[in-house]
Amino acid sequence: MNATSWTGAPIAVVGIGADGWDGLGRAARQAVDDAEILFGSPRQLALVPSTVAARRVTWPSPLLPALPGLFERHGGARLCVLASGDPMFYGIGVTLARLLGPRALRVLPQPSSASLACARLGWSLAETPVLSVVGRPLTTVLPELAERRRLLVLSADEHTPRDLADLLARHGFGDSELTVLEQLGGSAERHRAGIAGQWAHQAGDPLNIVAITCSAAPGLPRATRLPGLPDELFGGDGQLTKHEVRALTLAALAPAPGELLWDVGGGSGSIAIEWCRAHPGNRAVTFERLERRRRQIADNAAALGVPHILVRGEVCAELAADPGIASPDAIFVGGGLTQDGLLETCWAQLRQGGRLVANAVTAESESLLLSWSSAQGGVLRKFQIYRGEALGSFTAWRPQLPVTQWSVVKSAPAFPAEG
């Protein structure tokens with residue numbers, strides 16, 4: 001089943017809040033009353049009065065693989081799906097729109113938990129980032145943390161507030177203020193507040209959202225989404241694209257939301273990590289031939305809030321074993337440039353319009369980039385970075401290794417005009 005194959009009547013997707021049936025408007029109640037089959041979680045189905053005649057079907061687990069078959073079996077009936085609050089806000093409505101197409105749905109939303117939380121707190125909903133840790137690692141919150149910033153986190157369960165407080169304390173944000181808002185809009189609504197590093201509340205209701213007002217420890221290294229994180233945030237053996245060159249390299253790669261990067265010769269994973277931190281929708285595969293470095297890349301990615309980075313072995317071997325690896329929007333080559341066939345392989349895998357950036361620090365690899373630039377065009381740059389270091393009681397400029405960078409956009413091949 002796909003977005004063009006749904007032939008049944010539009011499916012009503014009804015948002016229902018913690019206030020249950022009493023909180024629904026006339027159109028939403030009518031959609032539920034008219035249904036022959038009513039889908040939802042046990043908690044959502046229990047909010048509908050027994051006078052509603054529809055047959056109730058609890059979502060199976062795991063849900064996503066079962067959805068196509070579930071709707072095919074019931075395609076001839078009048079269907080209604082219950083969702084929490086706004087179905088299009090991290091809800092089942094988004095999944096169904098992708099699966100069946102937006103024309104297959106009639107969505108009737110209620111206020112989202114984020115809307116209700118901001119109403120209680122007096123926060124601007126438009127200016128408050130909202131993150132979900134439902135089915136996602138808790139560490140994905142880390143790239144959003146910054147001094148005085150306000151965030152909302154959709155909890156996975158009743159343990160999320162405690163786990164979130166522990167995470168903040170471990171990463172230098174133990175002074176942050178947390179407010180847990182439970183059962184928003186219902187008769188059992190409750191708020192609990194405290195400081196992350198001193199969190200003493202017991203687990204409460206699983207239906208909750210956490211508000212954070214961030215407070216960073218003095219002297220904590222700044223770790224924003226902008227490229228050029230401090231070198232000391234990356235663990236490893238020193239195989240690292242350094243702070244200044246990393247910022248210049250990310251600028252040349254020019255990540256856009258939702259794009260995929262291949263980081264070839266990953267080292268400590270710094271380029272792939274900063275690429276993914278640039279936007280929550282960005283993805284990366286990093287290729288590294290040494291197992292100990294692959295473990296370090298995974299550790300760095302988790303510690304910096306982008307644990308979804310895929311870590312694989314040497315790129316040519318991986319492609320030979322699995323030619324179905326998705327073609328990237330951009331490729332960075334930071335190691336192994338002189339390996340036979342490596343640049344040819346990367347160039348062949350890059351999609352038309354994609355960007356390739358390669359950095360060289362040896363004369364041999366620089367010569368290779370000069371040759372490729374002559375054949376394919378692009379831009380050549382050379383960077384020389386100096387850092388001020390103590391020399392006795394004075395300061396001297398210590399040069400880093402100069403870096404030659406080639407960046408190029410892969411254009412479609414030109415064909416001779418006919419006739």
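How many positive and negative side chains does the chain have, and how far apart do the centres of the two sets lie? There are 38 positive and 39 negative side chains, with the two centres 3 Å apart. Lys and Arg count as positive and Asp and Glu as negative, while His and the chain ends are not counted. Each charge is placed at NZ of Lys, CZ of Arg, CG of Asp or CD of Glu.

This is a predicted model, in which local features need pLDDT of at least 70 and side-chain atom pairs count only at pLDDT 80 or more, whereas totals for chains, interfaces and linings use all residues. Residues are numbered from 1 along each chain as its sequence is written, and side-chain values use heavy atoms, with hydrogens and water left out.

Helix α6 covers residues 160-170, and its buried residues are Thr-160, Pro-161, Leu-164, Ala-165, Leu-167 and Leu-168. They lie on the same side of α6 because they cover an arc of only 160 degrees around the axis (taken from the directions from the helix axis to the C-beta atoms). Their cover includes the strands below.

| Strand | Residues |
|---|---|
| β7 | 150-154 |
| β8 | 177-182 |
| β10 | 208-213 |

Contact here means heavy atoms within 4.5 Å. Just after α6, Gly-172 has a positive phi of about 85 degrees.

How values were computed: Buried means under 20% relative accessible area, exposed over 50%, partly exposed in between (1.4 Å probe, protein chains only). Helices (H or I, at least four residues) and strands (E, at least two) are DSSP runs, numbered from the N terminus.
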